[in-house]
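The following note sets out, point by point, what may be read from the coordinates now under review. Kindly consult it alongside the sequence and the model.

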Amino acid sequence: MQHAILRGAAASALLCLAAGASAADKIKVGFMLPYSGTYAALGNAIENGFKLYVAEQGGKLGGREIEYFKVDDESNPAKASENANRLIKRDQVDVLVGTVHSGVAMALAKAAKDSNTTLIVPNAGADAITGPMCGPGIFRTSFTNWQPAYAMGPVAAARGHKTAITVTWKYAAGDEAVNGFQEGFEKAGGKVRKHLNVPFPNVEFQSLLTEIAASKPDMVFAFFAGGGAVKFVQDYHAAGLGKTIPLYGSGFLTDGTLKAQGDSAQGLLTTLHYADGLNTPRDNTFRAAYDKAYGMPPDVYAVQGYDAAQMMQAGLAAVKGDIGKKDDFRKAMRGATIDSPRGSFTLSAAGNPVQDIYLRKVNGLDNLVQEVAARKLADPARGCRL
């Protein structure tokens with residue numbers, strides 16, 4: 001009887017071990033993204049893009065199944081550390097994917113570095129993430145706030161604009177974007193007269209529009225996204241300012257927002273690392289697959305999520321799915337060339353894409369490519385020490 005009990009216990013132990021091994025075969029990916037509020041549509045697009053690429057690989061990356069964990073970060077920096085630790089400590093994810101809001105992303109990057117968890121940032125452009133906060137486990141598939149904004153500077157100057165006013169929310173992303181534009185614009189001979197802003201996520205812009213009308217700059221450069229971008233473009237158009245003071249912006253001003261903006265956005269010029277009408281085989285295939293999967297055309301956020309999964313695949317392929325080989329996994333990701341729908345890109349030593357920035361023009365519901373505003377533009381990664 002005693003032997004039977006022991007045999008039964010041994011068999012149970014073996015079954016538990018087998019179950020444990022099976023569970024361990026799944027790689028844990030933690031999405032810390034906005035699923036409510038101003039940036040909800042952006043968070044959903046990032047997740048959709050990521051999962052589309054995984055589906056194209058048969059539901060696996062590096063031969064390993066993926067288990068997903070999700071936290072709604074609410075675009076709230078005050079909750080960022082708590083939310084990050086839910087994924088890192090409670091769920092023990094292998095890779096973090098997040099987020100959209102730069103203030104939240106800064107706290108997420110700190111938590112990732114402190115715990116030595118690999119982080120792929122699929123949107124938030126805070127310069128510091130691949131600047132002073134850079135590290136061997138920090139990667140980005142999007143942009144720095146500096147990149148698309150800087151690229152608009154020479155474009156605006158080439159169109160004869162001598163003076164500009166900038167408008168944004170008063171937070172990290174906004175400050176860095178308008179400073180990037182100023183750097184590019186003034187290097188090309190222009191002059192930024194004034195930086196105007198409102199607190200995030202305030203969308204009461206009337207006093208700023210009144211000040212712009214009184215100042216009469218040659219142009220306005222704006223950085224907004226999501227619901228704030230919709231409201232600002234509509235208000236700018238309603239005020240009639242576009243007839244005499246052209247509005248330009250980083251591409252987030254008109255990406256994923258055109259249906260809501262309607263006529264108010266038509267003709268606007270923006271700079272970004274993705275555009276409609278690229279008409280490359282890679283992009284056409286991606287767009288068709290995304291539309292089929294989700295019933296809507298993809299935007300830049302979907303591309304960034306898709307490329308986050310591509311980057312993971314590059315790392316996992318190199319280690320044959322053994323994500324425990326953390327250093328080799330990360331090294332392979334940093335050395336990869338990503339075959340993105342936007343056009344192929346590599347990563348800088350700081351982990352940020354070195355990529356083309358496009359000039360786009362709104363036509364109907366499309367941000368149609370006009371030209372390449374800057375080729376293989378690398379962020380300066382100021383303050384990065386690796």
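1. Six strands make up an open sheet of mixed pairing, in the order β2-β3-β1-β4-β5-β6. At its edges stand β2 (60–61) and β6 (138–140); each has a single partner strand, so one side of each lacks a neighbour in the sheet. Strands here are DSSP runs of E of at least two residues, helices are runs of H or I of at least four, and both are numbered from the N terminus. Two strands count as paired if DSSP finds at least two bridges between them.

2. The model is predicted: local features require pLDDT of at least 70 and side-chain atom pairs count only at pLDDT 80 or more, whereas totals for chains, interfaces and linings use all residues. Residues are numbered from 1 along each chain as its sequence is written, and side-chain values use heavy atoms, with hydrogens and water left out.

3. Within this sheet, strand β1 (residues 27–33) runs parallel to β4 and is joined to β4 by three bridges. V29 faces V95 of β4. Helix α2 (residues 40–56) lies across β1, β2, β3 (64–72) and β4, at about 160° to β1. Helix α12 lies across β4, β5 (118–121) and β6, at about 20° to β5. Axes are lines fitted to C-alpha atoms, for helices over the stretch in contact, and the angles run from 0 to 180 degrees between N-to-C directions.

4. T99 belongs to the loop between β4 (95–97) and α4 (102–115). Its relative accessibility is 0%, so T99 counts as buried (under 20% relative accessible area; exposed is over 50%, partly exposed in between, with a 1.4 Å probe and protein chains only). The side chains of T99 and D73 make a polar contact at 2.3 Å. Such a contact is a pair of N or O atoms within 3.5 Å; within protein, one must be able to donate a hydrogen and the other to accept it, and residues adjacent in sequence count only if both atoms are side-chain atoms. Leaving aside residues up to four places away in sequence, T99 touches residues including M32, L33, P34, V121 and P122, contact meaning heavy atoms within 4.5 Å.

5. I338 is placed in the loop between α12 (326–334) and β12 (346–347). I338 is buried, at 3% relative accessible area. Among the residues it touches, not counting those up to four places away in sequence, are D307, M311 and F345.

6. Which strands pair with β13? Strand β11 (residues 269–272) is antiparallel to β13, with four bridges, and L269 stands opposite K361. Two bridges join β12 to β13, also antiparallel; these two strands form a hairpin with five residues between them, where G351 in the turn has a positive phi of about 95°. Eight bridges join β13 to the antiparallel strand β14 (residues 366–377). That hairpin has two residues between its strands, and G364 in the turn has a positive phi of about 65°. Of the 11 residues of β13 (353–363), nine are buried.

7. The structure holds 23 aromatic pairs. One of them, W169 with Y171, is edge-to-face, at 5.9 Å centre to centre and 80° between the planes. Rings of Phe, Tyr and Trp (its six-membered ring) pair if their centres lie within 6.5 Å; planes under 30 degrees apart are stacked, over 60 edge-to-face and the rest tilted. W169 is buried at 0% relative accessible area, and Y171 is buried at 10%.
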